[in-house]
Every structure is written in structure tokens, then in C-alpha cells.
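Let me put the structure up, and then we can walk through a few parts of it together.

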Number of protein chains: 2
Amino acid sequence: MIQVAVNGYGTIGKRVADAVRAQPDMEVVGVAKTSPNFEAETAVDKGYPLYAAIEDRIELFDDAGIDLAGTVDELVAEADIVVDACPSGIGADNVAMYREHDTPALLQGGEDADAADASFNARSNYDTVEGLDVVRVVSCNTTGLSRLIKPLEEAYGVEKVRATLVRRGGDPAQTGRGPINDILPNPVGLPSHHGPDVETIFPDLDIDTLGLKVPATLMHMHSINVTLADRPSADAVRELLEGESRTFVIPEHLDLDGAGAIKEYAMDRGRPRADVWENCIWGESVTMEDDDLYLFQAIHQESDVVPENVDAIRAVLGTDDQTASIETTNDAMGMGL
Amino acid sequence: MIQVAVNGYGTIGKRVADAVRAQPDMEVVGVAKTSPNFEAETAVDKGYPLYAAIEDRIELFDDAGIDLAGTVDELVAEADIVVDACPSGIGADNVAMYREHDTPALLQGGEDADAADASFNARSNYDTVEGLDVVRVVSCNTTGLSRLIKPLEEAYGVEKVRATLVRRGGDPAQTGRGPINDILPNPVGLPSHHGPDVETIFPDLDIDTLGLKVPATLMHMHSINVTLADRPSADAVRELLEGESRTFVIPEHLDLDGAGAIKEYAMDRGRPRADVWENCIWGESVTMEDDDLYLFQAIHQESDVVPENVDAIRAVLGTDDQTASIETTNDAMGMGL
């Protein structure tokens, strides 16, 4: 059993811990947290050994009556691999500690690409990270774009990608973020960071991305244009995407008009935390105009990277090949809407 | 003096009436309204002769103590031209009445293109509508796209336009509209009506448009890609657009990050109703990647068509040429941010 540590038990970390626990070949050796908030409490309730991410703060956990198993240093020492899900920027700071312990580490997409030895998306470059010390699982948006681009590239060839990313302002619980009642170019200048980030997975890709922020919290929305080398029919593209295990091509009859309905559907299906791990592509939107493909896809910012983290563990440790890992991860999590 | 009737005194009609009154060569002969609401009251306060748009409802005005000058039939009979700013669909129904009176009429962009003899944008096709009976001033979004495409076409040639229109859910006073906290593909299928609508102005244009709706009320936002025939520098494009009289290229130092800030700026500048008649293009966003131009523009849905309606009056009646009309309209309204 692979002993997995999760450093940072927030939006991503708590989801990765649950997904790791569900795998047949992995165990959560412990999770680290900076403060004894509601997430620390539920970690203990779930039986995850809880470690203090910052030594100075042990007292806070004592005061809150939450028992600690030790400090993050001890946790990393015990683990075969650590998934760092700390806030952006902290992950890069933690790399020295992971290297000191000689423990391979996964960073999240909020870190700069050069904080890691390589960037990772299970569908696109699984085979490139075995044996590396520090691997970055790309962000939710880059994951969503990569999952779409890879099969298109394989099937038809990609000349150019142009994407407008209409991003949620913050997650549902991030009460301090905006915008309210506005549509902000963000960044105003081009490209947004997403284009270059996708190029960490597809170095030779021609991609231009524009970013916006709007007053919504549920999911991101991508307005996608891909100029293809071939000219398949829209039906053929739809079928191709339906064949992908982490892509949900929304059938018209489900009447899912936006992120609210998709999340409601995920809740009705019993998904943990109403998570939507798949790219949600509106089947009706898949359109070919000459060699230009267009479509809309919604991306759940809190969860689409979770199965990618699970696969990255096996990819780095070399315990399974791409096909086997993705299948195991999907089966254990219950992928597929 | 051109005697102008305004049938429908709501969001567009009241603005057109004020803009017409400001012109040196026009007079508002009267405005017609269906109900004695706050807009009817302010019309009377402003001294616009008020007519009942629906004969059955005269009593409602009597009950509210609002004096009427007559019915819409009488208004149309008195006018040289009528601007129909009734809700979408009603304008087309009114065409028979206008034709009966032999009074030329302008419809708004909410009507189907085939309800009119031609569609109109002052910058793009002023010279094509003289002497026509019924002319449609295209919608806010189509106006915004046309104003951008025309100078690009003249200066560089346009191979293809791809636009994602992130639309406000409703106007600030439309309390019954959504979405709340969502980003909706709208329509889910392609193209949105905007592409074909732009083709009523540019019949040979290759344009694909995608529509979204978000929980904002202030302005629409366009994420634009234009593949040009030439390859000008971004600076050259910026300069070209700065030279357009109904385009405001936002300089970085103004620190206008979105629609809220633009509207605040319009209020500080003393604009009536905080109107923003110009396309607002972020200068920093103007980017060239090979032959692909990208930019963001914000479009004020309530007001950008107002100067277009004024020009359409002169264009249809043939009282002024394009350059003279646009200059007169701009001067009278105070165009230019």
C-alpha cells in the first residue's frame, strides 16, 4: 500500500485525501493543517491522523481540544509521497522540506511551473513523470483544457486553440471575493496565464487564452474554439468526447442549462460534496464551422484535479501504467455522470 | 426641423427622445406609452407631448391624472418619421400602421431583420437606407460588433470574426431576470443570433458567435478574436480604434477594471443616466498573435444604439450625409469619453 501524506487539508487536500482512501493500493498516512477549523475537526472525525502544518500553532489545536499525531515534518518522513495542497505559493516553499526527506511530492496548479520538475495531466503526459522528485498537477482550468485538447490532437490534429475562460469569482465559501454585478477582464492583458500553463503540458501547442471573472461561484465556463487540422463532423467530435472517461457530454434531454443544474445533478447522484470531476461539455454546443470546432464546457474548480492527483501518485512512483491507473482511479471514485 | 415621433418610451425610447431633442435639426413631436408609470410622468415633466400607445388604456392615464395629447395614430400622422422603441415583437406588429400613414419608421434590434426593409449601423452602411420605409437599427451587441469590424475591414481586411458575448442577465431595473450565481451558455447551440445579425450589416462576413449570460446588469462584455488579412502591430490597431468617434479605447492609467468603474466614470463625467454610448475597448487587451487580433470590449446595452437611431433618421430621410450626420449627432450628445 502506498503511504500518502496530504499537506494542506483545505478545498483540494480534503478531497484528495478521500479519493486516496478510496483507492485499493493507497492509504492516507496523515493530513496536515495549519489551524483547528471545521476542516480539522472533520479530518479527525474521518479518522485521518492529523498533523500540525506549522509547529508554532500546536497550542491552537490543544486549546481547541483536537489531538495531533505530530508535526508535518514527521508526517513527511513517514510517507512514500506527499500531496501538497497548501495555498498557492506555500507549496513552492515546502519543496525544500520534501527534498530534505527525499519524499517525492505533488504540488498543485497554483504554484509556478518552475517550482516543480514537471507538470502533469493524466490523459496527456502520464508517462513523463516517473521517478521525478516534484511534480505539479496543473490547475482546474488547465486540466479541463488538457483533457479536451489531447483527444482532439490524437484524432484530428490541432492547429490552434482560442479559449475565453469565464471564471467564477471565488468558491462558494470564499465570502470575501468578488466581483459583484460585474464582468471583469482578468487579466486585461493577453494572454491569461492559462495559455502558457497549457503549454507546460503541450509544449508545441499554439494557444491563446482570454480570462474574465464574473459574480458566480459554482463552476468555471470555457468558450472554446479549436482550429483542427482535419474536418470531422460535429457528431464525430461529440462521439470522440463521449468516449473519454473524464468528459461528460451533456445530453440535451437532461435539461442542464448551467452550473447550478449540473451541481444539483451531482448532488442527486450522491456525489461527495456535489463534486463534478468531469469536464462538462454541452453536446448541443459542439459545432464545426469549416475547420473550426466550437463548444462550451463547465469546469468544477474544486474537484476536477482530484483524480489527476491520484493518478500522479502512481505515475511518479511508477506503480501502474496510464491505462491501469486511470481505470483504477475512476472505478474507486465512481467517475462518470 | 424634422418632426420625430417616439413610439415606446422605455429604456431605448426615452433615451432616443432626449438625444433627438438635443439635435439642431430635429424636434420631438411626441412620445407614446402604454401605461402611466414613472416614465410617463417624467415624459410629461420634460414637456414631451404624451400619446396613448393603446387606445383601450386611455382611462388608466386619466385615472393617474396624466394628460394625453392623443393616441399613437394621431402621433404617427403628425410625424415625419417614427422611432419605434416598443418591446421586441411589438415593433413588427406596428409596421402596418406606419405604412398606412406613409410615415417612415425605425425599428429596434429586438425585431427580426425581415420585419424591416434593411438593417442599419451608422459607421457601416449609412448610405444604403435613404428613402426606405422601414429600417431596423441593429441591437446593442450588433452595433458594438459593427463599429469594431468596419474600421478593421477598411484598414486591414477581415478573414474571420470569432466572438464570445458574455451578456448581462438583465438591465438594472429588470428585477425579474436571472441568472443568479451562474454562467449560462445562452443559447447552448451555435451560432448565437448575433453572428447572423452582424451579417445583416456585413453580408459577406465570416463570423461565429457564442453567447453566455451571467449575473451582472451593467454592460455586456465581448471577448473578440478577428483574424485579419494584414498583420498590423497592436499599437497600429489601438491607434486605428482611438481614431473612431464612437469607440473609447480605455487608457491604462484611468484604472477602469470593469463595467462598474466605467459607469462610475460616466456618472462623474455628467453623462445622462450614466450612459456609455461608445464601445469601451481596453487598450491593454488589444493584442496581435500572428494574424489574430484579440481584445475585450464592454457594451452598454441601454444606450449604444441611441446615436445610431439619431443618424438613422437623417439617413432614411436623406437630409445629411454620413460624415455630417455622425458629427452633428456626436456634437449634440457630447460623444467622447
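Let's begin with a question: does A:Ser139 count as buried or exposed? Keep in mind as we go that this is a predicted model. A:Ser139 has a relative accessibility of 15%, and the cut-off for buried is under 20%, so A:Ser139 counts as buried.

If we set aside the neighbours within four places in sequence, A:Ser139 touches A:Gly109, A:Asp197 and A:Val305.

Now, the annotation. In an unreviewed entry, UniProt gives the feature "binding site" at A:Ser139, A:Cys140, A:Asn141, A:His194 and A:Gly195. These residues span 57 residues in sequence, but no two of their C-alpha atoms are more than 13.1 Å apart, so they gather at one spot.

Another one of them is worth a look: A:Asn141, which belongs to helix H7 of chain A. With a relative accessible area of 3%, A:Asn141 is buried too. Which residues does A:Asn141 contact, leaving aside its neighbours within four places in sequence? They are A:Leu165, A:Arg167, A:His194, A:His220, A:His222 and A:Ile299. Notice A:His194 in there, which is also part of the UniProt "binding site".

Let's move to the start of the chain. UniProt, again in an unreviewed entry, lists residues 2-140 of chain A as "domain: Glyceraldehyde 3-phosphate dehydrogenase NAD(P) binding". Over that stretch, residues 2-140, the chain is 35% helix and 24% strand, with the end C-alpha atoms 25 Å apart.

Strand S1 of chain A covers residues 2-7, and five of its six residues are buried, so S1(A) is largely enclosed by the rest of the structure. What are its partners? On one hand, S1(A) runs parallel to strand S2 (residues 26-33) of chain A, and six bridges join them. As an example, A:Ile2 is opposite A:Met26 of S2(A). To get from S1(A) to S2(A), the chain passes through helix H1 (residues 11-21) of chain A, and this β-α-β crossover is right-handed.

On the other hand, S1(A) also pairs with strand S5 (residues 81-84) of chain A, again in the parallel sense, over four bridges. Here A:Asn7 has A:Asp84 of S5(A) as its bridge partner.

That's my tour, and I'm happy to go back to any part of it.

How values were computed: Residues numbered from 1 in each chain as written. Chains lettered and ligands numbered in written order. Predicted model: local features only at pLDDT ≥ 70, side-chain atom pairs only at ≥ 80, totals over all residues. Heavy atoms only, no water. Buried < 20%, exposed > 50% of the residue type's maximum accessible area, 1.4 Å probe, protein only. Helix = DSSP H or I, 4+ residues; strand = E, 2+ residues; numbered from the N terminus. Pairing = 2+ DSSP bridges. Right-handed = clockwise from strand over helix to strand, strands pointing away. UniProt positions renumbered as here; feature names shortened; annotations may be inferred. Contact = heavy atoms within 4.5 Å.
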